[in-house]
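Me: Hi! I have a structure open and would like to talk it through with you. Shall we start with how we use our words?

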Amino acid sequence: MRALTTTVRTPDGSFSLLLADGSILASGWTDDVAALAALVHPTLRPDEIVEVGPATREPHVTRAVEALTGYYDGDLAAPGTVPVRQHSGGFRMRAWDALRQVAPGERITYTEYAQRAGQPAAVRAAAAACAMNAAALFVPCHRILRSDGGLGSFRYGWPSSNACWNGRPTRNRRRRSSSPTTRSLSASRK
């Protein structure tokens, strides 16, 4: 499978998107596309990754970039409009679907998250689903809290997690350019 990627500068640093067949496969606050590709389930992992620039005519990339920049401009629901494709076992798939139903601004605990995913006793499995989520921001694991009200671990560090949890990334920082960079990459299936 061939995938497209682009990296967007945000107030919180580089944010990369990896897309195939019109859906996000992985995304996050990094410019390390190989690390993003490694998060993709082996059955969905692309054989080839091509980075596209800001002038791309690929509508799915444009839509994802617009959702990301919309998020930073205050439309917290924008990432939820972009299709995401992940693969795992039945509970984890339901858990990721449940995450996408947590509304912008809403905060729930891992216990409530497990309930929404259909298995109230599976609190640790719900936390694991958050940890295995490859599509940061588009599958909003940042909306889930520990039972003590604190933030759990976050793959991209506390600054990004705190910014998302507080409603919108770095409200008071000056925006950097949101133009994607251009370079060619190739990744082999593992």
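Reply: Happy to. Buried means under 20% relative accessible area, exposed means over 50%, and partly exposed is what falls in between. Arg85, at 35% relative accessibility, therefore counts as partly exposed. Keep in mind that this is a predicted model.

Me: Good. What does Arg85 form a salt bridge with?

Reply: Its partner is Asp21, with the closest N and O atoms 3.5 Å apart. The pair links distant parts of the chain: Arg85 sits in the loop between H2 and helix H3 (90-100), Asp21 in the loop between S2 and S3, and they are 64 residues apart.

Me: And Asp21, buried or exposed?

Reply: Asp21 counts as exposed, because its relative accessibility is 64%. Asp21 also takes a positive phi near 50 degrees, in the hairpin of S2 and S3, which has two residues between the strands.

Me: How many salt bridges are there in the whole structure?

Reply: Three. Arg116 forms one with Glu106, where the closest N and O atoms are 2.5 Å apart. The side chains of Arg116 and Glu112 also meet in a salt bridge, at 2.9 Å from N to O. Through shared partners, Glu106, Glu112 and Arg116 are joined into one network.

Me: Why are Arg116 and Glu112 separated by about one helical turn?

Reply: Because they are four residues apart in helix H4.

Me: Switching topic: what is the strand order in the open sheet?

Reply: The four strands run S3-S2-S1-S4, with mixed pairing. S3 (23-28) and S4 (48-51) are the edge strands, each pairing on one side only. S1 (residues 2-10) and S2 (residues 13-20) run antiparallel and are joined by seven bridges; Val8 has Phe15 in S2 as its bridge partner.

Me: What about S2 and S3?

Reply: They are antiparallel too, with five bridges, and Leu17 stands opposite Ser27 in S3. Six of the six residues of S3 are buried, so S3 is largely enclosed by the rest of the structure.

Me: Which residues of H2 are buried?

Reply: Val61, Ala64, Val65, Ala67, Leu68, Thr69, Gly70, Tyr71 and Tyr72. As for length, at 1.5 Å a residue the 14 residues of H2 should span 20 Å, and the end C-alpha atoms are 20 Å apart, which agrees.

Me: And what happens at the ends of H2?

Reply: Glu58 caps the N-terminal end, with a side-chain oxygen 2.9 Å from the backbone nitrogen of His60. Just after H2, Gly74 takes a positive phi of about 115 degrees.

Terms used:
Residues are numbered from 1 along each chain as its sequence is written. This is a predicted model: local features need pLDDT of at least 70, side-chain atom pairs count only at pLDDT 80 or more; totals for chains, interfaces and linings use all residues. Side-chain values use heavy atoms; hydrogens and water are left out. Two strands pair if DSSP finds at least two bridges between them. The expected span of a helix is 1.5 Å times one less than its number of residues. Buried means under 20% relative accessible area, exposed over 50%, partly exposed in between (1.4 Å probe, protein chains only). A polar contact is a pair of N or O atoms within 3.5 Å; within protein, one must be able to donate a hydrogen and the other to accept it, and residues adjacent in sequence count only if both atoms are side-chain atoms. A salt bridge is a side-chain nitrogen of Lys or Arg within 4 Å of a carboxyl oxygen of Asp or Glu.
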